[in-house]
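User: Hi! Could you walk me through this structure?
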Amino acid sequence: MTLNTNLKNIFLVVFTTLILSACSTAKKTGDLDGDVYTGKETVKYLASGVPDRVFFATNKSSLTTASRATLRKQAKFLRKNKKLNVTIEGHADERGTREYNLALGERRANAAKDYLMTYGISGKRISTISYGKEKPVNPASSPLAWSQNRRSVTVKVN
Amino acid sequence: MKKVLFLIILYFLSFNSVNALIEVDITRGNLDPLPIAVSPLHVDVKSEKYDNLKVKDLGAKISEIIEKNFKSTGLFNPLKKEAFVQKPDIAHLKPRFEDWRLIKAQALVTGKLLVKDGKLKVEFRLWDLTAAKEMTALAFTTTPSNWRRVAHIISDKIYERLTGEEGYFDTRIIYVSESGPKNQRIKKLAIMDQDGANTKYLTLGNELVLTPRFNPTNQMVTYLSYFRNMPRVYLLDIETGMQEVVGNFPGMTFAPRFSPDGKKIIMSFAEDGNSDIYTMDLETRVVERITNHSSIDTSPSFSPDGKYIAFNSDRSGLQQIYVMRSDGSDVKRITFGKGIYGTPVWSPRGDLIAFTKVRKGKFYIGVMRVDGSGERLLTENFYQEAPSWSPNGRVLVFYRETKAGSKGEGFSATLWSIDITGYNERKLRTKTDASDPSWSSLLSK
């Protein structure tokens with residue numbers, strides 16, 4: 001089962017990479033790449049140089065190159081701190097229906113979890129929770145705020 | 001919660017099978033509402049005191065509630081009382097039809113009430129002024145504290161007599177009451193009468209609660225609670241306040257609704273990033289998996305005969321609406337228009353599905369036939385979603401959120417209703433900000 005999931009995730013990663021390279025012409029404006037947030041304004045750190053969150057495109061749960069780099073830093077940090085467990089919170093922006101957003105947040109949290117697992121972190125150390133659109137980090141109704149709210153955040157639980 | 005004893009004894013004063021000349025057509029937007037005079041109910045001088053009720057004012061108050069109900073439909077135009085030409089008690093015996101016609105009334109409601117031996121006796125008559133005939137007459141006996149419900153039941157009877165459709169005034173709406181700044185909202189389950197009166201809170205606001213829905217008898221509510229930070233579907237008995245988790249799922253359950261017979265809850269369960277639709281039988285506790293697909297399947301809603309389920313899924317790439325048999329077989333996509341479709345809700349009449357549509361950054365509430373044809377968008381807004389049907393399938397209630405400024409200022413969540421004709425859009429009166437409304441069935445059925 002785990003092996004199977006891992007394989008699936010590797011495929012997912014390869015697949016995502018292909019899609020992303022196809023989209024690499026998407027325009028970059030300020031802190032947005034396409035509509036994925038790339039800035040640091042809302043980011044907190046699990047440790048020095050280990051960002052706590054990754055960002056997503058509208059309605060998507062695929063990981064960007066930057067997100068994967070962030071998650072690899074988290075995996076390295078978690079490998080070093082073997083007793084530490086985390087919860088990954090998945091969030092959506094306010095521009096979708098409430099129930100779909102709950103599912104989308106769950107899918108985003110699991111995308112991050114699966115990636116950490118492919119880098120050797122046991123699934124037992126990672127729980128997930130979705131808040132859908134219920135807990136925006138930026139309460140504004142603007143494309144920038146929405147991009148900051150489409151996120152999954154890794155939180156230490158012990 | 002205190003158990004509310006409620007008993008209404010209802011009987012026909014006289015049965016009148018005369019074909020009415022006045023009739024209100026509610027299948028179209030009514031641009032010419034029926035002028036109706038609602039006379040204050042005459043309060044019998046033999047009435048006694050009851051608790052803190054101002055018995056002397058009850059007749060006027062009941063007539064005001066009836067007028068407000070009628071006005072909210074957009075189908076009736078209640079006339080100003082200053083122009084009324086007859087005393088309530090005399091009009092109730094037999095109106096001088098020609099005098100009422102002079103003030104352009106086409107229908108007249110009269111009544112009287114008596115509070116005696118701890119009971120409230122009310123009778124009312126509906127008169128067709130054009131034909132100079134009584135159309136309906138009914139009497140009720142109940143406890144005096146139920147006087148508001150009496151007003152709603154009278155409104156329903158008159159609405160039924162004049163439109164040929166079941167009424168929806170003796171109903172409640174359960175919703176999520178919201179307060180606090182946008183990024184720290186406090187949410188509580190709240191219940192109120194359809195006209196905004198009698199608001200009660202069912203949770204304290206300690207945990208996030210979402211999407212409450214009534215069971216068919218309006219005694220139970222299913223909703224999502226983040227109790228102990230574990231998002232799960234719960235079942236709440238409104239009278240006893242007892243609540244329990246629905247099923248024993250190892251992850252988030254959400255988007256619950258009752259089956260039309262009230263025996264099952266249908267909901268989504270999210271596992272490893274994938275949401276599928278499940279049912280649980282509340283008596284046998286048997287859990288059935290209805291969909292099994294690597295996409296997000298959620299917002300399920302049964303057809304009123306229980307044979308079909310509408311839901312939204314992103315299996316095509318983006319959210320669209322699908323219909324399947326209640327065992328999960330024969331899945332058919334029904335929306336192919338431009339945009340994203342979600343929150344399908346089957347009409348209680350079975351003929352339509354209401355939905356939310358998102359296109360080019362705008363949110364729409366609409367209705368379509370159950371095969372997806374005949375789409376009609378009723379209202380466009382910055383953000384609105386989650387329609388719920390009035391029990392007669394003529395009106396939708398839903399919620400809207402406003403665009404917030406850079407610090408979240410200017411944000412609000414409010415309940416709205418609109419007729420399926422697309423006319424008569426109205427904001428509902430709530431004590432706090434509000435979202436996720438669900439309309440009960442008729443309470444006195």
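User: Before we go on, what kind of model is it?

Analyst: This is a predicted model: local features need pLDDT of at least 70, side-chain atom pairs count only at pLDDT 80 or more, and totals for chains, interfaces and linings use all residues. Residues are numbered from 1 along each chain as its sequence is written, while chains are lettered from A and ligands numbered from 1 in the order in which they are written.

User: Back to that pair. How many bridges join strand 20 to strand 21 of chain B?

Analyst: There are 6, between strand 20 (residues 308–313) and strand 21 (residues 320–325) of chain B, and the two run antiparallel. They belong to an open sheet of 4 antiparallel strands in chain B, in the order 19-20-21-22. Strand 19 (297–302) and strand 22 (332–333) of chain B each have a single partner strand, so each edge strand has one side without a neighbour in the sheet.

User: Which helix lies across strand 19 and strand 20 of chain B?

Analyst: That is helix 3 (residues 98–118) of chain A, which runs at about 145° to strand 19 of chain B. The angle is between N-to-C directions, from 0 to 180 degrees, with axes fitted to C-alpha atoms, for helices over the stretch in contact.

User: Is helix 3 of chain A mostly buried or exposed?

Analyst: Buried: 19 of its 21 residues are, so helix 3 of chain A is largely enclosed by the rest of the structure. Buried means 20 or more other C-beta atoms within 10 Å of a residue's own, exposed means 12 or fewer, and partly exposed is in between, with C-beta atoms placed from the backbone. Just after this helix, Gly120(A) takes a positive phi of about 90°.

User: How many residues of chain B are in contact with chain A?

Analyst: 35 residues of chain B are in contact with 21 residues of chain A. A contact means that the C-beta atoms, placed from the backbone, lie within 7 Å. Elements giving two or more residues to chain B's side include strand 11, strand 19 and strand 27 (384–389) of chain B.

User: New topic: which way do the residues of strand 12 in chain B point?

Analyst: Met220(B), Thr222(B) and Leu224(B) point one way, Val221(B), Tyr223(B) and Ser225(B) the other, and all are buried. In a regular strand, side chains alternate between the two faces of the sheet.

User: And what does Val221(B) pair with in strand 13 of chain B?

Analyst: Its bridge partner there is Leu236(B), and Phe214(B) also stands opposite Val221(B). Strand 12 of chain B is antiparallel to both of these neighbours: 4 bridges connect it with strand 11 (residues 209–214), and 6 with strand 13 (residues 232–237).

User: What about the hairpins, where is phi positive?

Analyst: Between strands 11 and 12 of chain B there are 5 residues, and Asn218(B) has a positive phi near 65°. Between strands 12 and 13 of chain B there are 6, and Arg228(B) has one near 55°.

User: Last one: how many helices and strands does chain B have?

Analyst: Chain B has 4 helices and 31 strands. Of its 445 residues, 50% count as buried, and its C-alpha trace spans about 70 × 50 × 45 Å along the principal axes.

Note on methods: Pairing = 2+ DSSP bridges. Contact = placed C-beta atoms within 7 Å.
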